[in-house]
Amino acid sequence: MKYFPWCRISLMMSAAVALLAGCQSPAPLDPKVGDTGQPLSVVAQATDVRRYELDLDIDPQNKFISGSGTTWFELLADSQSVELKLDSRFQINRIEVAGQKASYQRDGGLLTIALPGLYKAGQQVKVQVFYQGQPHSALKAPWSGGFVWAKTPSGDPWIATAVQGEGCDLFWPCKDHFGDKADSMRITLRVPHGLAAATNGVLQHQRTLDDGRTEFDWLLSVPASDYNIALNIGPYVLERFSYQGINGSTIPVEFWALPQHKDAARKLWLDDLQGQIQWYEKTLGPYPWGREKIGFVETPHLGMEHQTINAYGKGYSLDPNGYDWLAQHELAHEWFGNLLTHKTLNHAWLHEGFGLYMQPAYALDKLGEAAYRYQMYKAYLGLKNCDPVVRTGVVTSEQAFNSDIYGKGGWVLHTLRALIGDELFWQASRELLYGTADTAKLAYPIAPSYKTTEDFIAIVNRLTGKNYQWLFDVYLYQAELPELMQHQQDGQIRLHWKVPGNLPFPMPVPALVNGELQWLDFSQGDVWLPGDSQLQLDPQMLILRQLPLIGRCDLHANNKTKV
């Protein structure tokens with residue numbers, strides 16, 4: 001979910017303006033479909049999604065879709081029913097199980113579908129839902145998701161979906177849980193003449209129908225989180241390239257751009273994006289989906305990390321970072337989010353903290369220290385410290401994707417890298433992603449995995465031979481930041497850490513003491529220096545701590561924008 005807290009303020013202001021103008025907002029989402037990744041019911045836990053098929057007619061004029069969604073389940077336990085989710089605003093025409101009409105119960109967005117008898121663990125069953133309707137329109141994609149029905153500057157339909165927080169059930173029947181990725185998915189879309197439909201995976205065929213419409217048939221042959229499935233429709237032209245991967249594979253590259261931006265899309269790839277991919281492969285390992293494609297599609301919303309078809313809506317604008325930050329962030333998610341997926345929403349920082357940190361890390365390699373520190377400083381100034389980065393218990397997607405999982409998550413990585421050094425830091429990152437640090441020659445297919453914060457801590461501890469649990473306990477599981485206190489006492493300078501919850505925090509601190517750089521060791525408690533010492537603490541801002549540059553949480557709460 002994208003990216004900065006001021007976007008939510010903008011969304012609230014936009015909604016207020018719409019109300020004042022007498023506009024009607026879409027009907028609110030059913031809680032059962034408006035929050036993806038929630039705990040699975042007993043019925044849902046008894047199934048494993050093996051394959052999806054989505055077959056849709058898209059009617060831009062009426063903002064209407066119709067067709068079917070098919071799910072192949074494997075039973076993990078004996079059951080007489082299966083469960084799917086689909087937004088209740090859709091009309092269901094019928095549901096078939098194994099080709100026969102089936103009975104079902106509908107509780108808002110929850111579909112409980114009867115099987116023809118008791119199915120045993122290990123059996124597979126095909127469930128097909130025929131439906132139609134007007135899907136939920138996004139209030140402010142991608143932060144508040146759904147369908148985007150827009151127009152290009154020339155007046156052509158321009159359509160996109162972005163549903164990371166809400167989930168796939170906003171427009172197709174699915175299990176709606178990142179913890180159960182289908183092994184493959186086929187997507188067939190029929191669109192009006194003159195439009196193209198770009199989505200995940202590899203295009204199998206494109207053909208003109210008797211009624212003048214065009215059918216696009218796509219196949220995604222690798223596991224993907226269902227929120228990553230995205231429909232993109234417009235008068236696109238396709239720019240094709242090829243990329244020679246670090247493991248020797250030739251990977252197809254596709255950029256689906258508006259016609260007037262064809263040259264800009266080509267330039268963006270040649271001058272910027274392929275260099276970004278090369279850096280990711282050198283730093284982390286092979287692009288994960290080399291048998292599919294490296295994909296980009298121009299969208300009417302800002303962007304989103306849709307696996308193999310990253311949404312790009314920045315308008316090819318000049319970037320003061322020296323590279324296209326939006327494309328770089330979305331590419332980060334092909335690794336952190338798509339190859340590695342958080343096991344539960346509690347660990348969403350593994351997507352977004354790493355996703356954010358890849359931009360300054362790339363800037364360091366491409367432009368140097370000044371660019372790196374500029375971006376880290378901007379991220380620091382945005383910290384809120386109102387909630388822990390890693391919450392316990394069941395969390396909603398809105399709670400999970402608070403702004404600090406980006407900036408504070410990135411700063412945790414910044415500090416960790418300073419402590420353990422570049423080599424071990426990137427080795428730990430590669431192991432988190434691939435299960436091995438020796439990644440350069442990995443062949444396809446590369447299997448995705450589910451990971452937790454504890455998995456990352458264990459990797460760091462094993463590689464360093466030290467226990468850094470204390471660091472993560474304070475930075476990730478506490479809302480407040482630690483504060484380094486400095487006092488004159490008994491003719492000396494006393495330095496000590498003030499830590500939320502009084503947790504252990506033996507964080508060493510670099511300091512200039514009388515012009516000499518040294519690391520102050522807090523492992524035995526307070527540090528004392530001669531009272532006349534000339535002292536500058538942490539001159540390069542390596543250590544994440546509370547500074548008067550940013551307010552505390554209560555100040556943020558008291559200064560919320562009123563709308």
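Start by selecting Met541, which sits in the loop between strand E28 (535-537) and H12; helices (H or I, at least four residues) and strands (E, at least two) are DSSP runs, numbered from the N terminus. This is a predicted model, in which local features need pLDDT of at least 70, side-chain atom pairs count only at pLDDT 80 or more, and totals for chains, interfaces and linings use all residues. Residues are numbered from 1 along each chain as its sequence is written, and side-chain values use heavy atoms, with hydrogens and water left out.

Check the backbone here: Met541 has a phi near 50°, a positive value in a residue other than glycine. Most residues other than glycine have a negative phi. Met541 counts as partly exposed because its relative accessible area is 22% (buried means under 20% relative accessible area, exposed over 50%, partly exposed in between, with a 1.4 Å probe and protein chains only).

Now jump to Thr308, in the loop between strand E19 (303-304) and strand E20 (310-312). Thr308 is not a glycine either, yet its phi is positive, at about 70°. Is Thr308 buried or exposed? With a relative accessibility of 0%, Thr308 is buried.

Next, the cis prolines. Most peptide bonds are trans. Select Ala141 and Pro142, though, and you'll find a cis peptide bond with omega at about 0°. Pro142 belongs to the loop between strand E8 (124-133) and strand E9 (146-151). Then pick Tyr444 and Pro445, where the peptide bond is also cis, with omega near 0°. For Pro445, look in the loop between helix H9 (422-434) and strand E22 (449-451).

While you're there, show H9 together with helix H10 (residues 453-464): the two pack at an angle of about 135°, and their axes are 9 Å apart. The axes are lines fitted to C-alpha atoms, for helices over the stretch in contact, and angles run from 0 to 180 degrees between N-to-C directions. So H9 is oblique to H10 (under 35 degrees is roughly parallel, over 145 roughly antiparallel, 65 to 115 roughly perpendicular, and the rest oblique).

Want to see who touches whom? Show side chains for Leu424, Gln427, Ala428, Glu431 and Leu432 on H9, and for Phe456, Ile459, Val460, Arg462, Leu463 and Thr464 on H10; these residues make the contact (heavy atoms within 4.5 Å). Colour them by type and the contact of H9 with H10 divides into 7 nonpolar, 2 polar and 2 charged residues. Here Ala, Val, Leu, Ile, Met, Phe, Trp, Tyr, Cys and Pro count as nonpolar, Asp, Glu, Lys and Arg as charged, and the others, Gly among them, as polar.

Last stop: the disulfides. How many disulfides does the structure hold? There are 2, a disulfide being a pair of cysteine sulfur atoms within 2.5 Å. Select Cys168 and Cys174, joined with an S to S distance of 2.0 Å. Their link is right-handed, with 100° about the S-S bond, and Cys168 and Cys174 are both buried.

Then go to Cys386 and Cys553, joined at S to S 2.2 Å. This link is right-handed too, with 115° about the S-S bond. The pair ties distant parts of the chain, 167 residues apart: Cys386 is in the loop between helix H6 (369-381) and helix H7 (397-400), and Cys553 is in helix H12 (residues 553-558). Cys386 is partly exposed at 29% relative accessibility, and Cys553 is partly exposed at 25%.
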